[in-house]
Amino acid sequence: MTVHEETVATPASAFRPSFEAFYGRELQSVIGLAYVLSGSRSGAEDLAQEAFLAALKQWNDIGTYDDPGGWVRRVVANKAVSGFRRRAAEARALARLGRTDFNVPDLTPEAVATWEAVRRLPKRQAQVVALRYFDGQPAADIARILDCSEATVKTHLQRAKHALAKKLGEEIDHEDT
Amino acid sequence: MRTLEDRLDRTSGEVRNRIAQMPVRPASEVSRRLHQRRMITMTVAVIVVFGSFAGTALLLTGESGSSVASGPAAIEPANSDTDPASETPTTLGPSDAVYDTATATAWRSRVVAALSLSGLPNDVTSSYETRMPFRSGGSVTAVVEDTNGHRVLVVDLQGWAPGEYSTDPSWQQEAGGSNEPGTPIADGTLFIADSLPTIRSFVLVTEGGLLTVQAQKTSLVSLPETNAMVSFVESLAPAIGDIATVVSSDAEATAPLAALPRLGLDLPGWVATDATEEDGTEGGFRSINYYLPSEQGAPVVVVKLRIRGIPEGSAHEAGLWWMNRSDFTTVSVRGHDARMFASDGDFDFAWRESENAVVTLSVLSGLEVVTPDRATSIATSVINLNPEMWQELLLLAPSDSEIPSSPTTAIGDQ
């Protein structure tokens, strides 16, 4: 095991074309998921890249999955909520590097407040909200990604929505599940 | 009725749209500049895409419908497709922008003078330098804002890195961010870049530096006419060489950890993804990640450099347990011995040249299966440090820690 806790396996060259297509197809939405859960702009890209790298190293197996994107999303969802303590520091460092091209452009105050509130939720609730609303995943797929039951997903989602509604001063649409 | 679900959907769409603006892989330094400019353009486009508001207080004026530059211009009415309720104030300069430095003040004066000569309002509201210590160039910016605090004119000058400037027309066109050939003027080549109905941009590529002038329509301010902006650029051009030289030298003089960015940037095709710096009671920390992308942008090889100052008794010591494993190979990288740990295509190098600091470098296999020789070769390209640079990195330890005066390696003795 390296210091980066990478899952290890030798990449198989025969699978590279399909991996690259998968990478190109999924990258932006996975970065977005990492971003809304971590609040870290450049860190989100690094996080996504680490997840894809881990997928590549097990691509012989993961490439055969029905939904390899779900595997990557699970890695990102777990890593993103495990704590980025470096948001301010990274912004400063990137600016010193003259590196603004990977930054997510500034969001409206409403979007910033919304996703900050999501990140303050308990870990599982935040993951469920991000996967449901940002990533557009149905409850059954969220359950597969997070390795829990669909009923658990719905419970987390309802609790999260009640907490967010109170925090953000919004009404809940009870028909939306 | 607006609901929480609507809000989550709406803000999700916003994040997705913004991320879609991010380039996957800048191919070159010039591309990086272009991406920066396009980001500004697209951000502004998002801001003004909403509805409309007939503004009355105009800061910028222009002569509507004329193709000939001529003196103070008439006011072009603000278009009615912006909604001030939806308009988001633009942000200030970069987080490390240094306002009102001598260079920024000098640039402000030159911009004010050129604005006056062109018949444009000259009330510059702020000016700042953005230093790029890990590059050779810096930038200096002057900004005009409307009364709502929205940027309506940004005048930015970037210095070139040594050897970066070229007279090659295709290079200049790329630097100018234009699909069309530029127009030669007395001081350089002028390009019209990223023109949108709500934005008017001009880029002047000169030997002295890269001038970008961008006017943005807001609910209060309409765009200046093209001829007025051309006149402004021509008036400002003679100042570029003097200011750009100062900007570049300022950036060099203030470069902290000047060696750090050498990582990867000197290797063709490598791209930085992430950088962090922290200074605290547990010592300083610097990190930077790079990767070599494939044509599709997937990681071919990933490199992560970490430099950490470690005061005595620091909790960080516990995180370095792996350095004491016995399954390492000692390799010499530019005269600095490192422990190299291998694990199924990934390699970790560790240098510990003092009790108070540790440098680690990870070379991770992506599409390319990295060999030990290849990893060492990459490390050699990354760790391109002379003794002074190395010492500077090790100074990340707290100030009361002792740093050896010469970077002699004794990692095997620890």
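Strand β7 (residues 199-205) of chain B runs antiparallel to β8(B), and seven bridges join the two. This is a predicted model.

**Pairing of β8(B)**

- A hairpin is formed by β7(B) and β8(B), with four residues between them.
- Within this pairing, Gln216(B) of β8(B) has Ile199(B) opposite.
- β8(B) also pairs with strand β4 (residues 151-158) of chain B. That pairing is antiparallel and spans six bridges.
- Ala215(B) in β8(B) is the bridge partner of Leu153(B).

**Burial of β8(B)**

- Strand β8 covers residues 210-216 of chain B. It is largely enclosed by the rest of the structure because seven of its seven residues are buried.
- In a regular strand, side chains alternate between the two faces of the sheet.
- Both faces of β8(B) are covered. One side carries Leu210(B), Thr212(B), Gln214(B) and Gln216(B), all buried. The other carries Leu211(B), Val213(B) and Ala215(B), also all buried.

**Gln127(A)**

- Gln127(A) sits in helix α7 (residues 123-134) of chain A.
- Gln127(A) counts as buried because 28 other C-beta atoms lie within 10 Å, where 20 or more are required.
- Beyond its neighbours within four places in sequence, Gln127(A) is in contact with Leu37(A), Ala77(A), Val81(A) and Leu146(A).
- Ala77(A) lies 50 residues from Gln127(A) along the chain, yet their C-alpha atoms are separated by 6.1 Å.

How values were computed:
Residues are numbered from 1 along each chain as its sequence is written. Chains are lettered from A and ligands numbered from 1 in the order in which they are written. This is a predicted model: local features need pLDDT of at least 70, side-chain atom pairs count only at pLDDT 80 or more; totals for chains, interfaces and linings use all residues. A residue is buried if 20 or more other C-beta atoms lie within 10 Å of its own, exposed if 12 or fewer, and partly exposed in between; C-beta atoms are placed from the backbone. Two residues are in contact if their C-beta atoms, placed from the backbone, lie within 7 Å. Two strands pair if DSSP finds at least two bridges between them.
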